[in-house]
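Dear colleague,

Here is the structure I promised to pass on to you. Please have a look at it first; my notes on what was found follow below.

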Amino acid sequence: MLFRQLYDAETSTYTYLLADEDTREAVLIDPVKEQVDRDLQLVAELGLELVHTLETHVHADHITGASEIRQRLGTRSVVAAEGGAGCGDVHVVDGDRVSFGRHALLVRTTPGHTSGCLSFVLDDESMVFTGDALLIRGCGRTDFQQGDSHALYRSVHDKLFSLPDRTLVYPGHDYRGCTASSVGEERTHNPRLGGGKTEEEFVEIMSNLRLAQPKKIDVAVPANLNCGVRALATAEASPGGSPFVPGEVVEVEPAWVAANAQSVFLVDVRERDEFHGELGRVAGAVLAPLAAVPETAKSWEPGQPVVTICRSGGRSLHAAHALRELGFREVASMRGGMLAWNEANLPKVTG
Ligand SMILES: N[C@@H](CCC(=O)N[C@@H](CS)C(=O)NCC(=O)O)C(=O)O
Ligand SMILES: [Fe+2]
C-alpha cells in the first residue's frame, strides 16, 4: 500500500493519502482547503485516482478541502451520518467499509471531541486514523461541538485501546512535532487516558484545560457543515457589506440575491427549457447552461462579482468553481437554487 502523511503548518493538521499500488485507487483523509493544490498535484504525480475524501469530523480550526476536491475531480466525500454534515456524498456509521482497490478502511464511531467523530482502521489493523479523538499523548478537547468527556473516555477505551498494541496511531493534529504513535504506547503513556487513568480522573483533567478558542472556529464550523463551502446567511450578507471572499467560492441566500441583483452579474446555469419552465428565473439573469459556462465565460468581465443559479444549488456550485478556476475573483452560488427562491416567495420571471 502507498502511504503519505501530509502536514498543514498553519493549523498543525495532518492529511493522509492512502492508495492501492496496483489499481491506483486512493483515498485522502482530512484534506485542508489551503493545501488542495499541493494534494492534487501529488495525486496526479503518483498517477492515482482519488475515489474518496474522508472526514474524521467537522473541524473547528480549519476548512476542509472536500468540496473543492469534489468539484475538481468528482471525488465523493465520506462524512459521519452523525454530526450534522449533510453535505457529504456518503454518510457512514460504525462498521462501514470504505474501499480503495484491495484495501479498505473500517469506520469506528469515536464521539467525544465532537458528537460525530470517526476513526478509520486499516483492514489489516496496522494503522488507525484517529482524527482528534486520540492525539499523541493527548486527545481532542471536549468543550465545544457537543463535546463530552465521558463519551470520549469510552470511545478511546472501547474503540481504540481495544486494537492490537502494534497498531500505529495517526492523529488529526500534532502541536509538538510528533508524527505517529501506537495503541500500546498510548494505552501506557497517554497522560490523560492511559496508564490506568479512570473516567473520573479524565473528566477532571478535561474540565481544567482552559484552552483558547480556535482562531477560525466561527468560519470553519459552518463551512465544514457544508463540506468546506462558506454559506453566508442573509443577515451577515447585508446589502451594504459584501459576502464575497476574493478567490474563494461562497454560497449566498436567495434573499441576498434578491436584494443585491442590481450590483452583481447573475448567471443561470440550467438548461434552456428549465430557464423558461415553471420555477421561473431571476430578473436579469443570463442563461449559460453548465456545460457551456467555460466557453461563454470568455466574453464576461472577470473583475465583476458573479452569482450562479440553478434548480437546487448543485450545478451552480459546480459552475462557481469553474469560474473561479477561470480567474473570476468574486464568485458565489445561490444556495438552494430556484427551488429555494420559490419557497421564499421571491419575485420571478416566467415564460
Ligand atoms: N490554537 C489552535 C487551537 C487548536 C485546537 O483547539 N485544536 C483542537 C482540535 S480541533 C484540540 O482539541 N486541541 C487539543 C489540544 O490543544 O490539546 C487554533 O487556533 O486553531
Ligand atoms: Fe477537531
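The protein chain is divided into domain 1, covering 2-206, and domain 2, covering 229-343, and the C-alpha centres of these two domains lie 34 Å apart. Please keep in mind while reading that this is a predicted model.

As to the overall form, the protein chain holds eleven helices and 18 strands, and its C-alpha atoms fill a box of roughly 70 × 45 × 35 Å along the principal axes. The radius of gyration is 22 Å, which agrees with the value near 20 Å that a compact globule would have, because the chain has 351 residues. Of these 351 residues, 48% count as buried, and among contacts between residues at least 6 apart in sequence, 61% join residues at least 24 apart.

Turning to ligand 1, there are 13 residues around it, of which D61, G140, R141, P214 and K215 come nearest.

Leaving aside neighbours within four places in sequence, D123 is in contact with H103, A104 and L106. By comparison, A220 is 97 residues from D123 in sequence, and the two are 31 Å apart in space, C-alpha to C-alpha.

Conventions:
Residues numbered from 1 in each chain as written. Chains lettered and ligands numbered in written order. Predicted model: local features only at pLDDT ≥ 70, side-chain atom pairs only at ≥ 80, totals over all residues. Domains from an automatic or database assignment. Near = placed C-beta within 6 Å. Contact = placed C-beta atoms within 7 Å. Helix = DSSP H or I, 4+ residues; strand = E, 2+ residues; numbered from the N terminus. Rg over C-alpha atoms; globule rule 2.2 N^0.38 Å. Buried ≥ 20, exposed ≤ 12 C-beta atoms within 10 Å, placed from the backbone.
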